Amino acid sequence: MSSKTDKFIETGLSTAEVKQRIKAGEKNDPLKPLTRSVKQIICDNTFTLFNFINIIIAIMIIYTGSYRNLLFLCIAVVNTIIGIYQEIRAKHQVDKMSILSEDLVTVIRNDHQQQIHHAEIVLGDLLVLNRGVQIPADGQVLVSNGMEVDESPLTGEADAIIKKNGDQVMSGTIVLSGKAYVRVTAVGKQSFAAKLALAAKTEKKDTSQLLNTINRIIKVLTFVIIPLGIALFISSYLRRHNINQSILSTAGAMTGMIPEGLVLLTSVALAAGAYNLAKHHVLVRSLAAIEALARVDVLCLDKTGTITSGKLVVSQLLPQNNYPTTEIKAALHAITYALNDDNETALAIKKAFTQDPQWIATSTVPFSSARKWSGVSFQKHGSYIMGAPEFVFPNGLNAVVKKQLQAAARNGERVICLAKSKQTTLTTQVPDDLQLLALVLISDEIRPQAIDIFDYFATQDVAIKVISGDNPQTVATIAQRAHIAHSDAFIDMSTVGEKADFDKLVATYTVFGRVTPTQKKALIKAYQRAGHTVAMTGDGVNDVLALRQADCSIVTASGAEAAKSIGDFVLLKSNFEAMINVLNEGRRVINNVERVASMYLIKTIYSVILSFIFIFLNHSYPFQPIQLTPISALTVGIPSFFLALQPNKRRITGAFMKHVMETALPAALCVVIYTLTITFVGGNLMHLTYAQTSTLTVLLTGFISFSALSEVSRPYNRFKIILLSILVITFIGVFVFAGHIFMLQKLNNWRLCSLYIPLLLTAYPLFMLARNHLGKRLAQK
């Protein structure tokens, strides 16, 4: 290494050089925001297919001069405004939380280390990269202290790549072990190729079953609404040659077919979920993940930081082979400071062994999650290795040491062994001449809330699986103390071999110890193959592969940057108890959207069926646009926004469409039956006018819709009862006080009473009969 490079590593860029590069545009791009821009939110909520159809319908109604029939447009506008407001409100809250969770980058400038944001990196900056960091920009390694990099985000290959002086590193890759000084060689668009590759390889696809199902409904309606509307218009015009009446009939049918607000409500519910979780200090990086976690039935977690607090303490030192305690303590101190690790184990050892022996390190092998050991060679003192006993001594240990290890494991203590080699320089291979010097016992405390949390998950049918790098007996002991079911079924993953049957392993065991990062990923995949929806919690670089594989990933704010960069949820206060809030929020969103979606689809289904039928009947379509406004507003629009925000912790059972159709289809068929009854009995036999039959149709449709609303609102609480009462009273008030506005006739007419009273008395029993019968048929299918 040249003296010029030595000097640069000491000084880095000066303030003047940084300003010069910023002025030249040689500055890094900011991180991709988690939320859409305000402009994009407004555009996405405004320029929709259904809004476009509504505008076309409005133009046609304006042509007829029946301006009061434009009232339906007000509902569409209000829905859009509410959706935009809710999403922007959630955006501001999530953006505020994401700023708090952003990791800073360590650089050397003006002879000092300092931390800056990703967007402040300039060309030529000197980065200081440590284990767990996600590399923020392309660069060249100037000095490497055993740095190993995971390039799987770019190459797909999970093997660690050793980086030497002069090697190139790419943005988005992850430092698995060691440390390095790296000069930035590309920023912004100059590293665009690497970022493209990163996006293609690492971004988990946002798959929302909820939104996918609703989008499929919309896709079908797209091919139904316009052709059916055109056919109905032509049929009506050919029979009556009245273009205004034909337009209004067609407009009434088409506005009924549009499930106004369904997609909007789903997006708002997810956005509100993210907003509520942010108030509980949980950052949501993907709205679809809220739904995914609500569907989770297997939760995989590490021991440290989830079951236990992660505050490690050296509880005992067990010298071996009569080796001097003073040299053991000196070696432990020297190794941890030479490696400069800042993980909890290293911090516990530093705190316990404070006497500095002033040993000079000549070479180091940093800790790796795959190797599970680290080592240092010292001038005049030989080489020392510190790590998991099973990996440092793969051929086994004597009976006395095994007994000590078993006793520590039964007590739930982690064991680190210290060994010595005569080799002057260590490699990544374990030396053959190792001599065991000591066992270091490290204790951890179970989180105070852990037992309550795991008991709660057990009642919610979420199976807990523990996947840890620690000794399996140690992990199982702690899991049993935390009341994790079946935690006596444990296995040492270092013994299973390369061709292990992971499907059989996940079906047999609950606790997995001595797990490597690739094995963690394989276990997650095995659970997914078994049909489970899997959530993974983690905080270290060793969890990255598993976090990326899981359906839903949860990381703590105190974890490694590499883990946080791909987590769907970040627990900003590292409070695992917030997981209960996340689970319940997801269930609230899905259950409530499922609940109110049926109300939107009732109107859509009966409008499609009636439109098709009335193409062939010598009768006008029974609704005009303004007559649907009370039904849309009072039985769908207003209650759906209130119900969507109600607490609902019911388990997710899947089959979204089945649950929706159990209510929507029977209610829609009842509306069709009563509409045809009123049309033929009232119009043909009783010779009622079109104004009278359409009024009765609105009355019966509203009553059936309220019957459906009362069922989806169960279980009742005071708020729901008051809400339903106000809506029903308002609906009746429309007929009594505002009938002239909505083109409705007075109901205090004995001829009308003789028809609508029997129909009202039979409507609810018929709906419940149809719901029970069709519900069973749908369940069978």
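Predicted model: local features only at pLDDT ≥ 70, side-chain atom pairs only at ≥ 80, totals over all residues.

Q: OK, aromatics. How many aromatic pairs does the structure hold?
A: It holds 12 aromatic pairs. Take Tyr606 and Phe623 as one of them. Their ring centres are 6.1 Å apart and the planes meet at 40°, so the pair is tilted.

Q: Why tilted?
A: Because stacked needs planes under 30 degrees apart and edge-to-face needs over 60.

Q: Where do Tyr606 and Phe623 sit in the chain?
A: Tyr606 is in helix H23, which covers residues 578-614. Phe623 is in the loop between H23 and helix H24 (625-643). The two are 17 residues apart, and the pair links distant parts of the chain.

Q: Buried or exposed, those two?
A: Tyr606 is buried, and Phe623 is buried as well.

Q: Now charges. Which ring does Lys350 sit over?
A: The ring of Tyr337. The charged end of Lys350 is 5.0 Å from the centre of that ring.

Q: And Arg371? Which face does that one lie over?
A: The face of Trp373. Arg371 is 5.7 Å from the ring centre there.

Q: Switching to backbone. Which peptide bond is cis?
A: The bond from Arg714 to Pro715 is cis, with omega near -5°. Pro715 lies in the loop that runs between helix H26 (690-712) and helix H27 (718-737).

Q: What about phi? Where is Asp111, and what is its value?
A: Asp111 has a positive phi of about 70°, and it is not a glycine. Its place is the loop between strand E1 (105-109) and strand E2 (112-116). As background, most residues other than glycine have a negative phi.

Q: What is phi for His483?
A: Near 70°, again a positive value in a residue other than glycine. His483 is in the loop between helix H18 (472-481) and strand E17 (490-492). With a relative accessible area of 47%, His483 is partly exposed.

Q: Last topic, cysteines. How many disulfides does the structure hold?
A: 0 disulfides. Take Cys552: it is in no disulfide, and the nearest cysteine sulfur, that of Cys300, is 12 Å away. The cut-off for a disulfide is 2.5 Å between sulfur atoms.

Q: Is Cys552 buried or exposed?
A: Buried, at 0% relative accessibility. Cys417 is also buried, with a relative accessible area of 1%.

Note on methods. Residues numbered from 1 in each chain as written. Heavy atoms only, no water. Phe/Tyr/Trp six-rings, centres within 6.5 Å; stacked < 30°, edge-to-face > 60°. Helix = DSSP H or I, 4+ residues; strand = E, 2+ residues; numbered from the N terminus. Buried < 20%, exposed > 50% of the residue type's maximum accessible area, 1.4 Å probe, protein only. Lys NZ or Arg CZ within 6 Å of the ring centre and 35° of its normal.
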